[in-house]
Amino acid sequence: MVMQILRSRKFAKRVLIGLLILIIPAFVLWGVGNLSKRPGPVGKIEGRKISLEEFAKSRQGIKVQILFSYFGDMEALGNILQNRPLMNFMAWERLMLLNEAREKDIKITNDQLLAFITRHPLFQRKGVFDKNIYAYVLKNNLSMDPRQFEELVRQNLRIQALRQDLLQDVTVSEDELLRVYKKRNDKVRLSYIFLDKDSFGEDVTVTEEEILSSYQENKGNFLEPAKTVVEYIEFPYEDTSERDSAMRKIEKVYEELARDPEGLRRVAGKYGLEYGKTPPFSREEVVPGVVFFTGFSEMAFSLKEGEISTPVFSSPDKGAGYILRKTDQIPPRPMKFEEVRGKIRQQLVDEKKIQAAENVADRLYLELASGEATLTEEAKAMNTEVRTTGDIAINDYIENIGPAKKIVAIALETPEGKVMQPVTVKKGIFLGRVEKVIPADEKTFEKEKKQLRRELRTTKQMQAMDDWFKKERRKTRLYEQLDQL
């Protein structure tokens, strides 16, 4: 969407001042300023102190990298930029990577830097680098001069080169590919009896002492979730045309609110817009009077008290846009015993029902595995029937039982004609026999191999980087909590 607009013939002042400001506002909302009041360094990396200025610069480098990666996805871009703890965490890891790049003497030439910037679609018009777009974004959206920006990009490219060096030996073998493909796509046909936990509840009792004991042992888990309160201005629209109009109006309103964050009600009245204030709400609750979409809650909880948000939109066609300002944050509240007594009792009852069903299933399994009885005989004795699943794979669903993943995984490790180990699921116990294993189609495997290899390699690369960070963190020390910066 963004690339198409940037390259269109109508690309002009409206887009530059409207769209670009909307997708990158968080770059100037918080940066070095809110760190400058904190005393002392942030921490150490291999004995070298990391100053607040250096940390803030790394955070700017993360923002630049996110812009390059997500500039075509406004929703993802906004969600990441507004997640301050995540941004700080990535900024610290970036400093760790830069430290390693220095030790390995990884360098990026001016030609490499120039090639990357001029070839990026964000700065192109009709497929050609446009210096006017480049200058505008740096000045008005990033508040950087070219030297600052290009140094951050150079650092990011050094990190990219380091990652390539660290991950050069990560490969995926043919055996790995086939094993994962078969696990995902092999099917099984099962005969089974199902022990519904609710059939074992007649003799289940739970005492008041057990409920109270469970509450005392798990007190920290019984919390009313954190809640927040925001005031907002709403910009409704019925179609894409009205949405474009709303975006132009939001631009003007946002610029005014940036100068006067406490003036939401006044500004709403000035422009004839809908002003509202929410009651306290948690992340999972539907907010009264607001178009339901997750972006509203995510934005509300990412803000600090008194802070205004960048605009968020419910959908690309019909819906509403919002600018929010957080007015209150209510921390999680420990819940009293009487508030959770009923919930705890039901949990304990369900646990005892499952345990009773498991005891019966274990006995039946031994009889079936030893040949003392057949599945049909056991079903008849329990006044139930033997059912069949049809051909199911690991991502399928078994009617009236639930997701098949756990059951199929165990079935694929069981020979045909043999009884499986009992499988505990939410509703009870699955006790089945493997009637047939249907191997996945080899022709389909050949078609999907390339994509699967890419997916598995990415997963292994992520694990390799995670292992590297775990090792390198032993050489670091933080003086500040990252989520507090």
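What percentage of the 485 residues of the protein count as buried? I get 44%, with buried meaning under 20% relative accessible area, exposed over 50% and partly exposed in between (1.4 Å probe, protein chains only).

**Ground rules**

This is a predicted model, so I note that local features need pLDDT of at least 70, side-chain atom pairs count only at pLDDT 80 or more, and totals for chains, interfaces and linings use all residues. Residues are numbered from 1 along each chain as its sequence is written, and side-chain values use heavy atoms, with hydrogens and water left out.

**Whole chain**

I looked up the secondary structure and found 18 helices and 17 strands. These are DSSP runs numbered from the N terminus: H or I of at least four residues for helices, E of at least two for strands.

Next I checked the overall dimensions. The radius of gyration is 29 Å, while a compact globule of 485 residues would be near 23 Å. That radius is taken over C-alpha atoms, and the globule rule is 2.2 Å times the number of residues to the power 0.38. Along the principal axes, the C-alpha atoms fill a box of roughly 80 × 55 × 55 Å.

I then asked how far apart in sequence the contacting residues are. Taking contacts between residues at least 6 apart in sequence, 74% join residues at least 24 apart; a contact means heavy atoms within 4.5 Å.

Charges: I see 81 positive and 75 negative, with mean positions 7 Å apart. Lys and Arg count as positive, Asp and Glu as negative, and His and the chain ends are not counted. Each charge is placed at NZ of Lys, CZ of Arg, CG of Asp or CD of Glu.

**Helix α9**

I picked out α9, residues 146-166. Its 21 residues reach 30 Å from first C-alpha to last, close to the 30 Å expected at 1.5 Å a residue; the expected span is 1.5 Å times one less than the number of residues. Which residues of α9 are buried? My list has Phe149, Leu152, Val153, Arg154, Gln155, Asn156, Leu157, Arg158, Ile159 and Leu162. The cover over them includes α4 (52-70), α6, α7 and α8 (131-141).

I also looked at Ala135, which sits in α8. At 44% relative accessibility, Ala135 counts as partly exposed. Its C-alpha is 36 Å from that of Gln461, 326 residues apart along the chain.

Where is Thr278? I found Thr278 in the loop between β8 (274-277) and α14 (294-302). Thr278 is buried, at 6% relative accessible area. Leaving out residues up to four places away in sequence, Thr278 touches Thr228, Val229, Val230, Tyr232, Val287 and Phe296. The C-alpha atoms of Thr278 and Val230 are separated by 5.7 Å, though the two are 48 residues apart along the chain.

Ala320 is in strand β10 (residues 319-330) and is buried at 1%. With the sequence neighbours up to four places away left out, I see Ala320 touching Glu234, Phe235, Pro236, Tyr237, Val291, Val312, Phe313 and Ser314. Ala320 and Thr278 are 42 residues apart along the chain, and 16 Å separates their C-alpha atoms.

**Gly402**

Gly402 belongs to strand β14 (residues 402-403). Gly402 is buried, with 5% relative accessible area. From its C-alpha to that of Arg341, 61 residues away along the chain, I get 28 Å.

**Positive phi**

I noted two non-glycine residues here. Asp105 has phi near 55 degrees and lies in the loop between α6 (84-103) and α7 (110-119). Asn383 has phi of about 60 degrees and lies in the loop between α16 (375-381) and β12 (387-392). Is Asn383 buried or exposed? Asn383 is exposed, at 75% relative accessible area.
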